[in-house]
Amino acid sequence: TGGDIYYNSGSAIARLAKPSSNKILQNTSGGVLSYIDAPSGKVKQVVVASNTSGVTSSTHDMTQGGSAYAVGNVGTAHISVSVTPQSSSSKFIISASAPMGVGGNGQGYCGLFVDNVCRSVISANGYSADGSGMSITGYYNNANTNAKTVQFRTLGSYGGHECTLGTRRASGSSRATTADGQYGNMTILEVE
């Protein structure tokens with residue numbers, strides 16, 4: 001039958017019938033061939049994006065009280081990209097980084113958003129407009145193949161001072177910091 005395989009089993013010629021779809025060929029230590037299900041864990045796609053235009057600031061006040069504080073749809077996108085999932089049951093692993101400055105002596109915040117919902121948030125201290133680099137990783141559990149907008153945002157700071165991505169200083173004393181013309185990068189892995 002078309003698609004069958006004939007092979008030497010060691011003592012005779014053996015026939016291996018064509019399998020259903022999505023099967024792969026396996027060879028055991030005894031030289032016996034068989035078909036098995038293809039592994040499901042794999043990278044579906046890799047999407048990279050960067051900011052090549054400069055700095056992005058937000059002065060949203062991230063001050064919180066003594067209880068839990070949910071990050072709403074706030075801040076300003078430093079990097080934004082549309083991603084169309086390859087599978088309706090995949091996951092996004094998102095990482096982003098950029099130089100960052102914080103106005104005042106504040107604590108600056110950045111976040112990863114998928115369709116305007118914060119999926120991961122991180123903070124770093126600044127002193128007199130200086131700051132440190134911002135690096136963040138987040139996770140998104142996908143449920144369909146509709147296009148998603150993924151953003152790396154500056155959210156502002158504790159006390160409402162500037163939190164600026166793409167520079168080592170707050171925007172009022174901006175010193176844009178570029179690596180080969182990029183002021184920040186984001187990588188999205190879609191995995192199954």
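Gly101 stands opposite Thr164 in β14, within a predicted model in which local features need pLDDT of at least 70, side-chain atom pairs count only at pLDDT 80 or more, and totals for chains, interfaces and linings use all residues. Residues are numbered from 1 along each chain as its sequence is written, and side-chain values use heavy atoms, with hydrogens and water left out. Strands here are DSSP runs of E of at least two residues, numbered from the N terminus, and two strands count as paired if DSSP finds at least two bridges between them.

**The open sheet around β14**

- Strand β14, which covers residues 163-165, pairs with β9 in the antiparallel sense, and the pairing runs over 3 bridges.
- These two strands belong to an open sheet of 3 strands, whose order is β6-β14-β9 and whose pairing is antiparallel.
- The edge strands, each of which pairs on one side only, are β6 (56-58) and β9 (100-102).
- From one strand to the next the twist averages 15°, where axes are lines fitted to C-alpha atoms and angles run from 0 to 180 degrees between N-to-C directions.

**Strand β10 and its partners**

- Strand β10 is mostly covered, since 7 of its 8 residues are buried, with buried meaning under 20% relative accessible area, exposed over 50% and partly exposed in between, for a 1.4 Å probe and protein chains only.
- The pairing of β10 with β11 is antiparallel and extends over 8 bridges, and within it Leu112 stands opposite Ser120 in β11.
- Strand β10 also pairs in the antiparallel sense with β13 (residues 148-157), over 7 bridges, and here the bridge partner of Val114 in β13 is Val150.

**The turn of the β10-β11 hairpin**

- Strands β10 and β11 form a hairpin that has 2 residues between them, and the loop that holds Asp115 lies between β10 (107-114) and β11 (117-125).
- Asp115 has a phi near 50°, a positive value in a residue other than glycine, and this residue counts as partly exposed at 36% relative accessibility.
- Asn116, found in the loop between β10 and β11, also is not a glycine and has a positive phi of about 65°, while its relative accessible area of 43% makes Asn116 partly exposed.
- For context, most residues other than glycine have a negative phi.

**Cysteines**

- The structure holds 0 disulfides, a disulfide being a pair of cysteine sulfur atoms within 2.5 Å.
- Cys110 is in no disulfide, and the nearest cysteine sulfur, that of Cys163, is 4.3 Å away.
- Cys110 counts as buried, because its relative accessibility is 0%.
- The sulfur of Cys118 is too far for a bond, because the closest cysteine sulfur, in Cys110, is 10 Å away.

**A nonpolar surface patch**

- Val43, Val46 and Val48 make a nonpolar surface patch of about 280 Å², with accessible areas taken from the Shrake-Rupley method with a 1.4 Å probe and, for residues, only the protein chains shown counting as cover.
- Patches are made of residues with over 30% relative accessible area and no salt bridge, joining like charges within 9 Å and nonpolar side chains (Val, Leu, Ile, Met, Phe, Trp, Tyr) within 5 Å; a salt bridge is a side-chain nitrogen of Lys or Arg within 4 Å of a carboxyl oxygen of Asp or Glu.
- Val46 is found in strand β5 (residues 43-50), and Val46 is exposed, with a relative accessible area of 52%.

Notes. Helices (H or I, at least four residues) and strands (E, at least two) are DSSP runs, numbered from the N terminus.
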